[in-house]
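User: I'd like to go through this one term by term. Can you take me through the calls and the cut-offs behind them?

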Amino acid sequence: MLFPSWAFLLFLAVLVPVYFLVPKRIQWIVLLLANAVFVCFAGLLGAVFMAVTIVTVYCAARGIDALFAKQKETLAAMKATHTKEERKAARLRFERKRRLVLIACLVVNVGILFALKYGAMLGRLSAGVFGTRPFGQDLALTMGISFYTFSTVGYLF
């Protein structure tokens with residue numbers, strides 16, 4: 001669905017009244033569902049990429065939070081019985097685990113962004129160099145992928 005189209009105007013004509021008719025506390029749900037519908041109109045592949053981003057960032061954020069809580073609990077328990085160096089080593093182990101979760105999530109999400117933005121170009125380049133059939137030309141760039149990828153990266157940090 002393109003912005004300058006009748007379909008988009010119809011979409012807005014339905015969405016705006018619904019948004020203002022629902023109670024204020026659930027207006028965000030209307031916008032979330034409208035966004036999902038809009039992304040699906042752009043292509044189901046884009047919705048898949050967005051869903052992967054949402055799930056991986058959610059899981060990474062929960063994992064990082066759980067590791068932080070476990071670190072706090074562990075260090076509090078170690079306070080009376082362990083030396084300062086042992087507590088510091090434990091804190092560094094938790095920090096490494098959190099960093100690993102963050103890096104894994106970044107690799108997945110920035111990898112999707114890179115593949116969608118530069119996959120077709122790299123496919124044509126490799127086809128020219130190696131004389132093979134180009135790959136990646138059928139991947140349509142998902143609308144706003146840079147924005148939501150960097151927004152989620154900012155959220156994780």
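This is a predicted model: local features need pLDDT of at least 70, side-chain atom pairs count only at pLDDT 80 or more; totals for chains, interfaces and linings use all residues.

User: What percentage of the 157 residues in the chain is buried?

Analyst: Buried residues make up 29% of the 157, where buried means under 20% relative accessible area, exposed over 50%, and partly exposed in between (1.4 Å probe, protein chains only). Residues are numbered from 1 along each chain as its sequence is written, and side-chain values use heavy atoms, with hydrogens and water left out.

User: Why is Leu125 called exposed?

Analyst: Its relative accessible area is 54%, and the cut-off for exposed is over 50%, so Leu125 counts as exposed. Leu125 sits in helix H4, residues 84-130; helices are DSSP runs of H or I with at least four residues, numbered from the N terminus.

User: What makes up the largest nonpolar core?

Analyst: Nine residues: Val39, Ala47, Phe49, Met50, Ile112, Leu113, Leu116, Ile145 and Tyr148. A nonpolar core is a set of buried Ala, Val, Leu, Ile, Met, Phe, Trp, Tyr and Cys residues joined through side-chain atoms within 4.5 Å. Helix H3 (44-78), H4 and helix H5 (145-156) each give two or more residues to this core.

User: Which residues does Ile112 touch?

Analyst: Leaving aside residues up to four places away in sequence, Ile112 touches Phe49, Val52 and Ile145, a contact being heavy atoms within 4.5 Å.
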